[in-house]
Amino acid sequence: MKNLVLVGFMGSGKTDAGKLAAARLRMTFVDMDEIIEKRHGQTISKIFEAKGEAFFRLQERALVRELADRQDRVIATGGGVVLNPNNLRDFNRTGIVICCWVDAKVAHERTKNTKHRPLLGGQTDRLVRIEALLRERAHLYKAIPNRVDTSAMSVEQQTDEILRIYKQQAGL
Ligand code: S3P
């Protein structure tokens, strides 16, 4: 089976919907950030702090190449995977890429009590930070033809929509 690749901003539900989609499709779920953390024995925040964002992006790029060479996986990417166009090119080769869109306010609601996202900094001014980052990246997310606006959706609704698109495109 073709990979199902979930792309989207932080708080767009890639991980939660991805896990549910994988269970329903009986495919293996993988979370890119989790793999990078395990391989480095450090959290994403620590990697950003100790080695910098550029280093993290190189690890992310290498992992995309590795995962794009396999099949039968539901892949939750990190929100910045769209920054390198080669990542989407590789994922599109062996999988179906679906963008999970989320509005800034909802992304803020969903992430405001979390501490593991280095790009969002502390709790203060987080909404402003999210709005700025989303504005910078919106064109990259919106260029992905398969898009689900998750802003007003439950994880179940989001998963249903993801599965509908995946099955249609995979010819299932
Ligand atoms: C990032 C999103 C994070 C993680 C890292 C950078 C981004 O993943 O990869 O903190 O650039 O948007 P999630 O989208 O799973 O939070």
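This report walks through the ligand site and a few individual residues of the structure above.

## About the model

This is a predicted model, in which local features need pLDDT of at least 70, side-chain atom pairs count only at pLDDT 80 or more, and totals for chains, interfaces and linings use all residues. Residues are numbered from 1 along each chain as its sequence is written, and side-chain values use heavy atoms, with hydrogens and water left out.

## Around the ligand

Let's start with the ligand. It is surrounded by 13 residues, and the closest are K14, D33, R57, R117 and R137; a residue is near the ligand if one of its heavy atoms lies within 4 Å of it. The shell consists of five nonpolar, three polar and five charged residues. Here Ala, Val, Leu, Ile, Met, Phe, Trp, Tyr, Cys and Pro count as nonpolar, Asp, Glu, Lys and Arg as charged, and the others, Gly among them, as polar.

Polar side-chain atoms lie 2.5 Å from a ligand oxygen atom for K14, 2.6 Å for R117 and 2.8 Å for D33. The protein buries 95% of the 390 Å² that the ligand exposes when taken alone (Shrake-Rupley method, 1.4 Å probe).

## Two buried residues

N87 belongs to helix 5, residues 85-94 (helices are DSSP runs of H or I with at least four residues, strands are E runs of at least two, numbered from the N terminus). N87 counts as buried because its relative accessibility is 2%; buried means under 20% relative accessible area, exposed over 50% and partly exposed in between, with a 1.4 Å probe and protein chains only. The N87 side chain reaches the backbone oxygen of V81 at 3.0 Å.

V30 is found in strand 2, residues 28-31. With a relative accessible area of 14%, V30 is buried too. The C-alpha atoms of V30 and K19 are separated by 8.3 Å, and these residues are 11 residues apart along the chain.

## Two positive phi angles

Most residues other than glycine have a negative phi. D72 has a positive one, near 65°. D72 is placed in the loop between helix 4 (53-68) and strand 3 (73-76), and is partly exposed because its relative accessible area is 35%.

D125, also not a glycine, has a positive phi of about 60°. D125 is placed in the loop between helix 6 (104-111) and helix 7 (126-142). At 61% relative accessibility, D125 counts as exposed.

Methods
A polar contact is a pair of N or O atoms within 3.5 Å; within protein, one must be able to donate a hydrogen and the other to accept it, and residues adjacent in sequence count only if both atoms are side-chain atoms.
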